[in-house]
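Here is a short briefing for a first look. Start with the sequence and the structure, then read the points below.

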Amino acid sequence: MKKLILTLVAALGIAGAAQASEGGIHWDKAPVNTSNTASLQNGAKIFVNYCLSCHSAAFMRFNRLKDIGLTEQDIKDNLLFSTDKVGETMKAAINPKEAKEWFGANPPDLTVIARSRAGSGGSGADYLYTFLRTFYRDDTKATGWNNLSFPSVGMPHALWELQGERRAIFEEHDDHGTKTQVFKGWEQVSPGKMSAVQYDQAVGDLVNYLQWMGEPAQNTRTRIGVGVLIFLGIFIFIAWRLNAAFWKDVK
């Protein structure tokens, strides 16, 4: 019994530590709609142009993008930068050894990143949507960037040209004798190619694509599931009426 109690206490401690590690700023709700093919196509374009240089999607093939309305010629003309074969998987352009030297570790594969980053703050898509919109300039970091959602992250701001450079404004608070830095807002240092609204929409499209990429068959699965439920409903109604007809003369 004592061992069981100790095990439960340890498990609760681990869960608490995990929740604490997820703490920090509130995760914004990601505008995910994997039925919006225009959003998915734009997200795929942003992913290939800004993410695939460092991050792979080793379990996704380029020709699978035909599922979101792109033709094979569209893929060849606009999205094939790291290979010349549509049937190849999405491999990062960067050399893994160089990536480890520059960043301290190889950038993670992003095929199922939207499914793996879910936490108490929301879905994995919510985390990514917040993460990609909370980078700020920090000259104390090796990359020159920091992030509110992932403090001291080793990744630079890959989309900074679109968003521009921002500085995070903090205020120092005294919490029972402990000095803490509280985030108060943003200061735009230099403008980007996009307005704030346009950038949020672009990040939403990118996250929407990452969500779809984690399970490309999810829309098909949903359609089949709805069809099965409708079939079962009709079958149950027919079975109920047949049962009533068979037993109506039995007393």
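Lysine 29 is exposed, because its relative accessible area of 65% is over the 50% cut-off. The model is predicted.

**Lysine 29**
- Lysine 29 sits in a loop. That loop runs between helix H1 (2-21) and helix H2 (37-51).
- Leaving aside residues up to four places away in sequence, lysine 29 touches Asp126 and Tyr129.
- Lysine 29 and aspartate 126 are 97 residues apart along the chain.

**Helices H6 and H8**
- Two packed helices are described by the angle between their axes and the distance between the axes.
- Helix H6 covers residues 124-131, and helix H8 covers residues 196-214. They pack at an angle of about 145 degrees. Their axes are 9 Å apart.
- The crossing of H6 past H8 is right-handed.
- H6 brings Ala125, Leu128 and Tyr129 to the contact. H8 brings Asp200, Val203, Gly204, Val207, Leu210 and Gln211.
- By type, the residues of this contact are six nonpolar, two polar and one charged.

**Arginine 133**
- Where is arginine 133 placed? It lies in the loop between H6 and strand S3 (135-137).
- Is arginine 133 buried or exposed? Arginine 133 is buried, because its relative accessible area of 15% is under the 20% cut-off.
- The side chain of arginine 133 reaches the backbone oxygen of tyrosine 129 at 3.5 Å. Tyr129 is also one of the H6 residues in the contact with H8, and lysine 29 touches Tyr129 too.
- Not counting residues up to four places away in sequence, arginine 133 touches Asp28, Gln163, Arg166, Trp186, Tyr199, Asp200 and Val203. Asp200 and Val203 are among the H8 residues in the contact with H6.

**The whole chain**
- The protein chain has nine helices and six strands.
- The chain holds 251 residues, and 32% of them count as buried.
- Take the contacts between residues at least 6 apart in sequence. Of these, 63% join residues at least 24 apart.
- The chain exposes about 15,800 Å². Carbon and sulfur atoms supply 58% of that area.

How values were computed:
Residues numbered from 1 in each chain as written. Predicted model: local features only at pLDDT ≥ 70, side-chain atom pairs only at ≥ 80, totals over all residues. Heavy atoms only, no water. Axes fitted to C-alpha atoms, helices over the stretch in contact; angles between N-to-C directions. Helix = DSSP H or I, 4+ residues; strand = E, 2+ residues; numbered from the N terminus. Left-handed = near helix turned anticlockwise from the far one by under 90°. Contact = heavy atoms within 4.5 Å. Nonpolar A, V, L, I, M, F, W, Y, C, P; charged D, E, K, R; others polar. Buried < 20%, exposed > 50% of the residue type's maximum accessible area, 1.4 Å probe, protein only. Areas by Shrake-Rupley, 256 points an atom, 1.4 Å probe, with all protein chains shown as cover. Polar contact = N/O pair within 3.5 Å; in protein donor to acceptor, adjacent residues only side chain to side chain.
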